[in-house]
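Dear colleague,

Please find below the structure that I am handing over to you. My findings follow directly after it.

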Amino acid sequence: MWTAVCAAVLVVSGVAWSTVSTISTGVERSYAIPDDVPRSTSGRNILIMGLTTRLDLHGEPLPDDVLRRMQAGESDRGGYNANTLILLRVPVSGPAVAMSVPRDNLVPLASGGEGKIKEAYGRAKIAEEERLRAAGQHDPRTLERAGREAGRRAQVRTVSAFLNQPVDHLVEISLIGFFHIAEGLGGVDVCLRAATKDPLSGADFPAGPQHLDAGQALSFVRQRHGLPDGDLGRTRRQQAFLAAVAKRLKGADVGVVRAMADMAKQDVVLDAAFDLAEFTTNLPSEVRFETLPIEGGARVGGLDVNRVDPAKVQAKVTELATAPPPPPPDDGVPCVD
C-alpha cells in the first residue's frame with residue numbers, strides 16, 4: 001500500500017539522494033515514536049502503514065472526480081484501519097526484507113484488550129478525539145491531527161509488541177497515496193495467474209502480464225473477494241504492487257521519479273527523525289517480500305479473525321531479519337492470484 005510506500009520504495013530503489021531529499025520538504029511529520037524508545041542495534045526497522053481512509057491528511061473529503069477515478073466508494077467509507085502493515089527490515093548491508101503482517105491477526109492492542117491488529121490505529125484515534133472533545137476542544141483539524149497521532153502511537157506499539165521488534169521509523173500512507181503513486185508513474189506492470197472480476201473493488205483483469213493505470217492499480221491492491229486465500233491473497237497483491245513500483249523506479253528517468261514524488265508526498269507521513277537523505281547513504285541492494293505466518297481462521301465476537309502464535313511469528317521475524325529469503329528468479333514480472 002506499503003510503501004512508505006513512497007519514501008521506502010524510493011530509497012530501496014536506489015533513487016538519488018537529491019531526489020529523496022525533495023520528498024522530505026513539505027511532507028507531514030509525526031512524533032508518534034518517542035526519542036527514548038528502544039532502537040534496533042543493527043540496521044533499521046521501518047513500519048509501513050497503509051490506511052483505508054478516503055479522507056485527506058486533514059480529515060477532509062477527497063474531490064468527487066478523484067473518488068470516481070479511484071473506484072473506492074464514498075469519502076466516508078474505510079474508517080482508519082491500518083489495512084496494510086509491513087515491517088521493512090533494512091540491514092547494515094545486504095538485502096532488505098519486507099514482512100507483511102496480515103491485518104486480521106487477533107492480538108493484544110496497545111489501548112487494552114484484544115482486537116484485529118489493524119484496529120489499533122482507529123480505536124486510539126476515536127478515544128483521543130473523545131477525550132479532547134470532553135476537555136472542550138472542537139476544532140476539526142486539531143482533533144484530526146491529535147487523533148491520528150494517537151492512532152500512530154498505538155499502531156506502532158501494538159506491532160512492536162506483537163513482533164517483539166523495535167520500530168525505528170514509520171511511514172504512513174492513505175488509500176489516495178497508492179493511487180497517486182501509480183498515477184505519477186504512469187501505471188504499473190503486474191501479472192495474474194487467472195482472470196478475476198470483483199465489483200466491490202472494481203477489479204476486472206484478464207490472466208497474464210498487463211499494464212494497469214492508477215485506478216486499476218488501486219483495484220488490484222484492494223481486491224480480496226474472489227481470491228483463493230482472501231485477505232492473504234490481497235497481502236500478496238500489495239507486495240506485487242510494491243515490487244512493481246520498485247522495478248518501475250529503477251528504470252525511470254529523473255522526471256518521472258520527481259513527478260511521482262510530488263504527487264505522492266501529499267499523502268505520506270514520516271516520523272520526525274526519519275532523515276531520508278542520510279538514509280540513502282547506505283541503501284539496501286534489494287527488497288524481498290514475505291508474509292508472516294498465521295495458524296488459521298477463527299470466529300471471535302462475531303468477527304472473522306486470524307489465529308496467531310506470537311512465538312512462531314517472532315521466531316520467523318528473527319529468522320528473516322538475520323537471513324532474508326533468496327531472491328526469486330529474474331524472469332520478468334512474477335504472477336500472483
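R145 counts as partly exposed in this predicted model, because its relative accessibility is 30%. R145 forms a salt bridge with E28, and the closest N and O atoms of the two are 2.4 Å apart. This pair links distant parts of the chain: R145 belongs to helix 5 (residues 140–163), whereas E28 belongs to strand 1 (residues 28–30), and 117 residues separate them. E28 also counts as partly exposed, because its relative accessibility is 23%.

The count of salt bridges in the model comes to 17. Two further pairs may be of interest to you. The side chains of R103 and D104 meet in a salt bridge, with 3.9 Å from N to O. R103 is buried, and D104 is buried as well. The side chains of K316 and E319 likewise meet in a salt bridge, here with 3.5 Å from N to O. Both K316 and E319 lie in helix 11 (residues 310–322), where they are three residues apart, about one turn of the helix. K316 counts as partly exposed at 25% relative accessibility, and E319 counts as partly exposed at 42%.

Salt bridges can also join into a network, as the next group shows. Its members are K125, E129, E144, R148, E149, R152 and E172.

I turn now to helix 7. Why is helix 7 described as largely enclosed by the rest of the structure? Helix 7 covers residues 214–222, and eight of its nine residues are buried, so the rest of the structure largely encloses it. The buried residues are A214, G215, A217, L218, S219, F220, V221 and R222. At the start of helix 7, a side-chain oxygen of D213 comes to within 3.2 Å of the backbone nitrogen of G215.

Finally, I would draw your attention to E114, which lies in strand 6 (residues 114–116). Is E114 buried or exposed? E114 is exposed, because its relative accessible area is 51% and the term applies to values over 50%. Leaving aside neighbours within four places in sequence, E114 is in contact with L106, V107, P108, L109 and R123.

Yours sincerely,
A colleague

How values were computed: Residues are numbered from 1 along each chain as its sequence is written. This is a predicted model: local features need pLDDT of at least 70, side-chain atom pairs count only at pLDDT 80 or more; totals for chains, interfaces and linings use all residues. Side-chain values use heavy atoms; hydrogens and water are left out. Helices (H or I, at least four residues) and strands (E, at least two) are DSSP runs, numbered from the N terminus. Buried means under 20% relative accessible area, exposed over 50%, partly exposed in between (1.4 Å probe, protein chains only). Contact means heavy atoms within 4.5 Å. A salt bridge is a side-chain nitrogen of Lys or Arg within 4 Å of a carboxyl oxygen of Asp or Glu. A polar contact is a pair of N or O atoms within 3.5 Å; within protein, one must be able to donate a hydrogen and the other to accept it, and residues adjacent in sequence count only if both atoms are side-chain atoms.
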